[in-house]
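Subject: Structure handover and notes

Dear colleague,

I am passing on the structure we spoke about, with some notes on what was found in it. Please keep it open beside this message as you read.

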Amino acid sequence: RQIVKLEGVINDVDRIKVMVAYRDDPSPSKLNLGIGVYRTEEGKPHLLNVVSKAEKLLLNDKSASKEYLPITGLSEFNQLSARLVLGHDSFAIKEKRVCTVQCLSGSGSLRIGAELLARFHHQHVVYLSQPTYGNHMNFFIAAGITVKYYRYYDETTKGLDFQGLLEDLGSAESGAIVLLQASSHNPTGVDPTVEQWEQIRQLIRQRGLVPFFDCAYQGFVTGNLEEDAQSIRMFVADGGECLIAQSYSKIMGLYGERVGALNVVCKAEDVACRVESQLKLIIRPMYSNPPIHGAAIVATILRDREMYDEWTAELKAMIVRIVNLRHQLYDALCERGTPGDWKHIVNQVGMFTFSGLNEDQVSFLTKHYHIYMSSDGRINMAGLSSKTVPYLANAIHEALASV
Ligand code: PLP
């Protein structure tokens, strides 16, 4: 098993250092825009009402227990999760071609998926977007899979380098795995359009590459769960194979419950059955079986129409808050006449803005304003509020004038 050090990749160490530095800073005006979690307008962790409601129901449920779950997790949770991501009318589900196992959130699902591919797929190379979520490389390296990158972000347009992406995937080894973020790309906030997804799908299928979707932010772009799953559903609709790692950390605010699922969409029912047996053999010696509480919360919400609607309304409110903050920050920079074109702040989607600030400018913000973010300039928009937007705009304005 190889240990690879990749230059220029912002990995988790950077983000962890930012977290620690923020924690130890005594300044009352300190601002944490580094961590990838949702915060309320008051800067507090966000517990969804619908989650509290589900927990109360579970507490009063006399038939509930704390028995072990099966290796593959809570069966109802798995069925509901597959339906959430693939749609109620999914043919793949109807044809029993989807194997879904509950895993330890998105990370666990990615790690188990990587292990499955390392054992049973012939091509041990994965392509990640450049840049990508800092932990992605680790899931694959730990499974013994070689990590390579495809171009994704264009620094000049602060948008998608679509040509670069097509060229790199077009010359990837046949059978290589391609990690795709389904929506709300972390860290860039840049997603392909539906037309671009269609071209990516055709290329991946023509070249026999294996699509592995990371779906950690379903609903975080539009507030609509169906729309944000479109990229995945296009691949599933063509009848081909793919893997999907799902996470409930962000979309239900269940970070610490570690609840998610790995879906393996196969070409035939008997393959899906064999995949499930192999996943059991992978999971059993790792952690035996997953935790019950988070999965029970999710199942309680997803199975009930009213609670489902309440959840999606709460999710939508989070997205609306983030979009408003994008506009406020953009307006504040324009009002100050801060040099540069800041349109990308409103054009980018989801939780993050890839601000374009360089490492020195980020250091300036931290040193003079106690504003914390990772050195690649990624801003967690949910860490802002209407009150702190002017403070950040002043800081950026001064950083650009000084550095
Ligand atoms: N994938 C992406 C793109 C993420 O941003 C994150 C967390 O920030 C994860 C996966 C993993 O999150 P979790 O393991 O909490 O589901």
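Predicted model: local features only at pLDDT ≥ 70, side-chain atom pairs only at ≥ 80, totals over all residues.

Residues are numbered from 1 along each chain as its sequence is written.

The strands (DSSP runs of E, at least two residues, numbered from the N terminus) that pair (at least two DSSP bridges between them) include seven that form an open sheet with mixed pairing, in the order S2-S10-S9-S8-S7-S3-S4. S2 and S4 (146-151) stand at its edges with a single partner strand each, so one side of each has no neighbour in the sheet. Neighbouring strands are turned by 25° against each other on average, direction ignored (axes are lines fitted to C-alpha atoms, and angles run from 0 to 180 degrees between N-to-C directions).

Strand S10 (residues 259-265) has seven of its seven residues buried, so it is largely enclosed by the rest of the structure; buried means that 20 or more other C-beta atoms, placed from the backbone, lie within 10 Å of a residue's own. Val259, Ala261, Asn263 and Val265 cover one side, and Gly260, Leu262 and Val264 the other.

S10 runs antiparallel to S2 (residues 98-104), joined by seven bridges, and threonine 100 has asparagine 263 as its bridge partner. S9 (residues 242-247) also pairs with S10 in the antiparallel sense, over six bridges, with leucine 243 partnered by valine 264.

Best wishes

Technical notes: Buried ≥ 20, exposed ≤ 12 C-beta atoms within 10 Å, placed from the backbone. Helix = DSSP H or I, 4+ residues; strand = E, 2+ residues; numbered from the N terminus.
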